[in-house]
Every structure is written in structure tokens, then in C-alpha cells.
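My plan was to look up a few spots and write down what turned up.

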Amino acid sequence: MSSLVSPDIVSQLNQVLSNLASNDNNLRSSAEQQLNEHWIAQQPDLLLLSLIQLGRSHEEIHGRSFAFVLLRRIAFKQVPGQAQKTEDATIWDRLQEQSRQAIKNELLMSLSVERENTVRYKVCDAVSEVAKNSFLKGQKWGELLPALFEASKSPSAEHREAALRIFSAVPNLITDQPIDILKQVFSANLQDANNAAIRMASLKAAVAFMLEANQPSRASFSELMPQMLEVLSPLVAQRDEDGLVDGIMVFIELGENLPRVFRPVLPIVMPFAINIMKDKTFEEGTRQTALELLLTLSEASPSMMRKTPDFCSQVIPISLEMMTELDDYEEWYTTDDLDDDDNDENYVIGEHAMDRLARNIGGKAVLPIAFNYIPSMLGSEKWEQRHAALMAISAIGEGCVKIMEPELGKIIELVLPYLRDPHPRVRYAACNAIGQMSTDFQDSLQKKFHQPVLSNLIPIMDTPEPRVQAHAAAALVNFCEAADKSILEPYLDAIFERLLILLNSGRTYVQEQAITTIATVADSAEDRFVKYYSAIMPLLINVLRNAHQREYRLLRGKAMECASLIALAVGKEIFAPNANEFIQLLVQTQQSVTEPDDPQTSYLIASWARICKVLGADFVPYLPIIMPPLLQSAQLKPDFAILDPDDDIDSKYSAEDGWEFVGVEGQQIGIKTTVLEEKCTAVEMLICYARELGPAFQLYVADVLEIVLPLLKFYFHEGVRNAAAATIPHLLNSVKKANASHEYILTMWHTIVKKVIEVIMSEFDPTFLWQLYVTFYESLEIVGDNSLDESHLEAFTKATEVQLQEFYQRIKQREQARHSGDYDAEDEDIIMEEEATEEGVLGELSKALHVILKTHRTSYLPSFDKLLPIVSMFLADANPAARQWALCVIDDVIEFTGPASWVYHTHFLEKMIASLMDIASDVRQAAAYGIGVCAQFGGENYSEAVAEALNNLFQVINSDGSRREENIYATENAISAITKILKFNNSKVDVNTVLPAWFASLPIIYDEEEAALTYTYLLDLLEAQHPLILGNNNENIPRIARIFTEVLSAMILQEPVAMRMSNALKAIIGSDPGH
């Protein structure tokens, strides 16, 4: 090869590289410094050209590999010392064009001539990285694709494999190529009879292409699925388990993203996976991977797998069989470390499989098949079978709730005897089943079956095995979390008697669990806990006084949690004698925490907040101690890493250390999640302090706001984002209550609202969007009238318009899903859940518009004009929730802008009157309320329309079933609307004709908001002795008395209307006791 760089320079660099690999720390550090300061910073062109030359010419395999690895890593590092991170320029971007071109040429040449696999793979990685970067930045590498296509058809297996590896890493290279040519290339390589590496590389590239391709290309390419699956058959025959797992994992990725491409080949996939799962001569990991493929498909396309013949009947018995594959090893009984280190054991994987099947495929399909096996397993002499059956009941409960709940009593009867099983592991599993069912069937289980459950579960805390004791106490936590104090009260003596014994156990984990259970029971028992306070609180304080060794840190944390929850349960007065000492112990603990992973930290944060709730204003002196570390926790930043192909993932980024990875633009981005829970707890506690302390928290508001506003875009943890958003209204309230100046509050609000609207504009997580709208309108209510300028109103409207367009598209998508060939009845639960979530967001969005209109009135109308088209679209939609939402918005426009709303009447008025006859009661209610506000606030322009609406309003009131629960609010809003027409807008109405029919429609006894105005009007008429109300010879007086009695009994009226009605009723009775 011709030299790009003089041999002397290459030799100098080679020496630096040799020193980088040295065992001598000083030599290695010096080489790193020289590489960074002399080569990377000062002469990057020369460095990368020298590396490519070393990669091409170094005599040693390792030397060539290392050169290509460094080339890739250094080239795509950010340029050192960039002024702004937003520039995002890499060293590659700063090279001279001729240097880049030279490196590209040499890379292609290396692909062609390199014979060593390990080196050629590094070349492929480097080529892929350059291609990826070029693609993202719109840079051309015209020679690459022809060279790769040529290589993909080459007689040389090495050349073909290299091309396929690069296609796999950068599929965008080929997504716009003719599909027929691609199919020929891939078909030939998938069927290469002589080379397994080619077949596997072709499979990986094919899947990568399918994931990137457009729908038409993907549909055509999926004809190769049988050939792709056939790549796995020789691996089974040869027992190449590493290759087989690798291949199945590729299909798992495809199944996660494109499950429907499997539909035509399910008759191949099912027996293939089932046979591997059944074959115990395969390694556990191989069998588990085959199971994972089928479970992934069931998650990604439940309806497809429900319709697959015998899917559940084949997978469930194998999963149950896996659950029996566990050993009764001594360590289970003797260990002090309960951290699960057997998550990859078959019995755990089988249990997870049952859970996933139930949640994805649904109870109708899973429960009958599971219970074909569970009773006989429970009756088995083998403890493993009984254990598996009980764990299966635990696993399927969440997904089978609707089907299991009617039979819950029978299932509990089935489980309870195994709390007394001779084998400890079975008793443990029975505790697990009771605990899980207490969560899955909460309320129902606690209310109906507390006696048999608690009378059998509580004695298990006396069992001799510490792990069973602890698990019985843990099951009690699940039960008590959803139990009312009246249910728990008869059992409290028996519960605390045993928990106090467990608190003195020799096993730390038993003590920890006992404390957790005491905390939960106290939280549920509330004031009923007072009688046990004097026995338990001193023990907890004693733990904090004396348990200082490192191994007791978690125990101390749980003691803090328990003591603070007890303080909340019993209240300030009972807690007072221990308050000072407990607080001093918290202070000492806080000062002793020095390590970032100390488990006490998160317990401390939450405990301080609970004590704040107990003490109220008396807590303020402790803020200077608490706030600095709390703010520090709220600002914690997780570690990030971009995964390098050469990294040893398991050792460097293990899941046990909290590393999680996501794919972004072809790269694996890692985040270390261990600090996120502490960060989330800290931000949640900021809400508590701001809410509880009000004006006393003002000193910290500016610092907290600076932390929480950026966290609205903290995408790594939804809890952090939600807590940050929820904090904001409390911060505004704090400064307002502290009597800050209006200018200060307004400046703070404008900073907040700009950020909130910016996030609303681009947010597509409905749960967080719900919180953002709540944050917006709660804050606006606090700051008050006319606190948004024109730019804010326009920005809010634009962001909301974007969201409404997205909502509307999803409504249409769900309609299409319901009418598609893939839809089945089980999918309806998922669709209805999505609808409920989105309707919740629409409700909060509607409230935000309500508060804007309430606080800005007609000044919002120029912005509202931009929303009008989509509001009209929702109003005309077939979806009742969409129609109701649109009517609610229009109701607010009329209510808060009055006569000015008439300008929009052609868009809604006719539809509003017609909607009084809508099939959906919520729509009728919104329409009736709308007619009422037209009458009350709309002015003379609306007089003809409201008069026209009377006929429909009376039809709503007098229709069959109008007083049923589902219709009552629509009916009462219709009555109220007539009231408003008669009282405020009656110029086109014959009041004397309408009044008797209106009086006959009473009473209103549910809708508090509408009742007050209606009965004020009735009382006015009564006091004026209106003849149509009194009737001939006062014949209506008995009915008026009955109405008043019924309304006062319903207690829906506030003072002074209630008092006025009561006095009127007394006057009626006093004037004619006979009535």
C-alpha cells in the first residue's frame, strides 16, 4: 500500500499505542496524556491517517485490530473544548475532506484484503460507524454501497459476511434499494449451505432491514421469513446452543417490533420453539430463550397468539413444568441475604411466563388450561409440584382478575390449607399466593374473606423457619395496604403480639420485615394503633440508638420509616413525648451518611417529610438541616454510557449495578438507574414541604424552582417528571401566601408557564400530559386573572391544538382497530383502558381551558379562534367522549364570554340543541348545561334558541328511565336549564305555560351545583305567592313540602339557601299542620 503518513510518524504513534497496553501504570498514563494532548488535540488528521495505515500494515493481528478500534472510538468523539454542546461536532467532522476520503478508501481496501476474521470485524465496525455518521449528517460516501453490493455477491465468504455485518449495523444504507434485488441477495446468503456464519450474518441483516424498511418493502421482504427461520434448524441439529440462542434473540427483536410478520410462519415457529422448550437436554438458557420468543409475540400481538391453535394449551404446561424445576438446597434456609440471585432459574422464568401469559392473552384463555393442572399439582406428593401450583396461582391473578373474582372464595379455600403444609417451601408459596391475591383482588378479598385469611395467615408468623415467618409478615403487608381499620381492629392484638416477637429475631431480614409490617398495619389502623404505641415506639427508637454497624443500615432505614408512619397514624399529641429524641436521631443519622449508596438516605428523606406533616409549623426550625441534602438528592444525575461493540457488557455494565440500555439511532445508550429512586423520593418530598409549610417555605422556592423546571424534561424516570410538575403550584402558593409582590409572582409564573407550555407541545405520554395540564390550571388559579399575556395564550393554544390533533388521530386508530380483522373481544379491555386514560387527559385539558376562560374571558377569544376548527370536528364526531368534550369547552366559552360568544353560534348552537336527544347521557348533560349558560350568560341573541330548546329539554326530563343513575345528571341539568331560561332569558317564552311543567319536573336531589339556583328561583316564586306555584286553593303546598323535605334530607344545599328552604318548610307546616 502507498503511505499516507511517513513511516517515522507511524512508528511514533505505534510506540504510544504499545505503551497504552502496558502494565506499567506510569507508562500507560503518560501514553494516554500524549495521545490526548499531542495527537487528538493538535493533529487529529495525522492521528487518524496514521491509525488507518497501522490498521492496514501492522504485522501483528492485535496491532491491526487495536488500530481500527481506536480509529472508530477517536473519530467519533466530541471535539475537545467545544464552546457549546449543541454544536455536537466530532473529530471526524473537523478533519480535512481529503483526510476523510483517504480513510474511507483505505477502509474499503481493508475490507477487501484483510484475511483475519477478528481484524475484519473491527474494520466492519469502523466502516459502519463512518457510514452511520455520514447518513445522519447528510454526507456522501458514494463508493460504499456499490462496494458492499459487490461484496455481498462475492464468491468469497469473508467478503459476503463483511457486507452483511455492515448492512446489519447500518440498514438505512439499503432501505431505498430495489426490493427484488435485495431479496435475491439475502435469499442467496440465507441459504448458503457451506457457511453458518454467512447464514447468521444474513439473518441479522435481514431483520435489521425489516425494522427500518417502509411497509410495502417490508411486506414484500417478509416472504423470506421461512428461509430466515431455516437458519436455526442446522443449529438445533448440531447442538450449537450459543448460535441458536443468538439466532432466536434476533427473532425476538423482530417479534417485539413487527409481530405480524410472524403470522404466516406461526405453524413453523410454534413447533420449533415448543420442541426446544420440552427438550431437557438443552441448556436452561436455550429453553428459556425459545419460551421468550413465544411470550414476546404474545405481548406484541395478543390477538394473533390467541387465535393461534393450541398456543396456551402447549405453552402453559411447559411453563408449569419449568416451575417445578427447583432444588431444596440448605442455603435457602440459612442465608441472611434475601437478594434474588436465581432470577435466571427455570422455576422463576416459568413463573414469569405464567404472569405474562395471563396479562397478555387474558384470563378466558389462560385460567381454564392452568386449572386443568393446578388441582392435581396441589394434590401431588412432591413438594415441588405443590410449590409450583401455588406460585402459579400467584402469577396469573393479575391477568385473570375478572374471571377469578367470582370464584375467589373457592380459590382461597384451595390455598389456605397449604399454609400448614409439612414442607416449609410450600408454606412460603402459600404465603406468597395470599399476599399476591390480597393485591390483585384488593377490597373484595379484604371485605369478604378477612376472617379465613387472617385467622390462617397470622399464626404462620410462629413457624420455625425465619424465611417463612418473614414472608407471612410480608403477605400481611399486602393484605393491610387495602384493608379498612374497622376490618383490622379485631386482629390487631394477635398481629402485634407476633410482630413484637419477630422484632427480636436473630435474623436481620426478619426484623426488617417485622418493622415494615408494623409500619403498614399502623398506617392502615390509624387511630386504632394508639393502644400499641407505647410498646412499639421505644423499640424502634432503640434500634436507631444502638444499631450503628454497617449491616444494620437497612434496618435503621426501616425503623425510621415505621416510626414516622406511626407518628402520622397517632398524631402530634401522642407522638410529642418521643418527637424530640426521634428528630435528634434523624439529625445524627443524616450527619453520619457519607456513602452515595447508603440505603438510609431515601428513608431519611421520606421520614423527615412525614414528621413535617405531623408537626406542621413547628417543623420550620428543622428546614436548614433538612433542605441542603434534600436539594442535593433532587439534583442527582445518573451515569450514562454509549455501548461500544468491544465492551464486555456483563462486567462493565451489569444489570445488578443498575444499568439499563435503550436503542437510540442504532446505538445502545446505557443509564445507571440506582440513583433515580432517591432522586424521585426527594422531589416528591419537596411537594410535601411546600404544601404543608406554605409561606414558611418561601426561602427555598427559588432554589427548588431552579431544580424542578428542567426536570419536566427528565425522560429517564416518569416519577421524577410527575413529581417535578406537581411541585410547581405549591411553590407559587407558597410565595403568594408569603405576601410576595404581584410583580414577583408574575415574573415567576411567566418563567414557569413558558416551560410548561413548551413541554406540553412535544409531550406524548398521556399520564404526564395529564399532570402538565393539572399543573398549568392549578398554577393559573393561584396567580389569578389576566396573568397571561397574548404570547402565552397563543403558545398554550398552539400546543393544545397539537395535542387535540393527536387525540383525534388516536380515536380514529382505535375505531379502525375495532373493525380490523385482527380485533378480538380480549383487545377491547386494552382499548377501553387507553380510552379511559385519554378521556382523563381530555378532562384536564378541558379544565385548563375552563380556567383560562374564567381568568381571561374575552381576551382569550382571538386565540380560541384557532381551536374552533378542531372543537367543531370533535363536536361532529361519532365518539361520544369527543362530543361531550367539545360541548364542555363551548359551555365554558359561553359562560365566561357571555354575549361575545354569539360570534361562534353557527358552529355549535344547532348541534347543541340536537345533542339534548343524544344517545349518550354525558353528551345530553353537557348540552343541557350549555343551553342553561346560553340563557343565563348569553344575552338576548340566544333568546330564540333557548326557547326552541324547551321541547327537547322536557323530553329529556320526561323520557323513560330519566331518573335512573346513568341518566339523572342529564335530567337534573335539563331541569336547571329550564330554570335559567325562565329566570334570565324568557323574552321568547310564555312563562305561565312553562312554569307548571317545570314545577312538575322537580325535584333536583343529586346535582349540588344546579340545585342552588333552581331552588332559589322556586323560593322566590313561593315568597311572591306565585299562583301557578301555589296552585288553586294552595293545592301544590303538600307537593312543595315533600320536595323541600326530600331536598333537605339529601343535604345538597349550602347556606343560606338551605336555611331559607328550612324556614319555608317550617312556615308551611306551621300554617297547616294537617299537611
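Here are my entries, grouped by topic.

**Ground rules**

I noted first that this is a predicted model, where local features need pLDDT of at least 70 and side-chain atom pairs count only at pLDDT 80 or more, while totals for chains, interfaces and linings use all residues. Residues are numbered from 1 along each chain as its sequence is written, and side-chain values use heavy atoms, with hydrogens and water left out.

**The nonpolar core**

I started with the largest nonpolar core, which has 381 residues. A core here is a set of buried Ala, Val, Leu, Ile, Met, Phe, Trp, Tyr and Cys residues joined through side-chain atoms within 4.5 Å. Buried means under 20% relative accessible area, exposed over 50%, and partly exposed in between, with a 1.4 Å probe and protein chains only.

Which residues have the most contacts inside this core? I found M228, F262, Y689, F776 and W998. The largest share of the core, eleven residues, comes from α38. As background, nonpolar side chains tend to be buried together in soluble globular proteins.

I then looked at F776. Leaving out residues up to four places away in sequence, F776 touches W749, V753, V756, I757, L788, F796, A848 and I852. Contact means heavy atoms within 4.5 Å.

**Helix α36 against helix α38**

Next I followed α38, residues 676-693, to its crossing with α36, residues 623-634. Helices (H or I, at least four residues) are DSSP runs, numbered from the N terminus. The two axes come within 8 Å and cross at roughly 140°. Axes are lines fitted to C-alpha atoms over the stretch in contact, with angles from 0 to 180 degrees between N-to-C directions.

That angle makes α36 oblique to α38, because angles under 35 degrees count as roughly parallel, over 145 as roughly antiparallel, 65 to 115 as roughly perpendicular and the rest as oblique. The crossing is left-handed, a term for a near helix turned anticlockwise from the far one by less than a right angle.

Who makes the contact? From α36 I listed L623, I626, M627, L630, L631, S633 and A634. From α38 came E678, K679, A682, V683, M685, L686, Y689 and L693. By class, this contact has twelve nonpolar, one polar and two charged residues. For the classes, Ala, Val, Leu, Ile, Met, Phe, Trp, Tyr, Cys and Pro count as nonpolar, Asp, Glu, Lys and Arg as charged, and the others, Gly among them, as polar.

**Helix α51 against helix α52**

The axes of α51 (residues 991-1001) and α52 (residues 1008-1023) come within 12 Å and cross at roughly 120°, which makes α51 oblique to α52. The crossing of α51 and α52 is left-handed. L995, W998 and F999 of α51 meet T1014, Y1017, L1018 and L1021 of α52. This contact of α51 with α52 has six nonpolar, one polar and no charged residues.

I kept one general point in mind: most residues other than glycine have a negative phi, and most peptide bonds are trans.

Is the bond from L1002 to P1003 cis or trans? I found it cis, with omega near 15°; P1003 sits in the loop between α51 and α52. The bond from E1055 to P1056 is also cis, with omega near 0°, and P1056 lies in the loop between α54 (1037-1050) and α55 (1057-1071).

N739 has a positive phi of about 60° although it is not a glycine. I placed N739 in the loop between α40 (718-737) and α41 (742-762), and its relative accessible area of 69% makes it exposed. Q1025, in the loop between α52 and α53 (1027-1030), has a positive phi near 55°. Q1025 is exposed as well, at 59% relative accessibility.

S863 is in α45, residues 861-875, and is buried at 5% relative accessibility. Beyond four places in sequence, S863 touches L793, E794 and T797.

H471 belongs to α28, residues 466-481. Is H471 buried or exposed? At 16% relative accessibility, H471 counts as buried. Its contacts beyond four places in sequence are Y428, C431 and N432.

Definitions and conventions:
Helix = DSSP H or I, 4+ residues; strand = E, 2+ residues; numbered from the N terminus.
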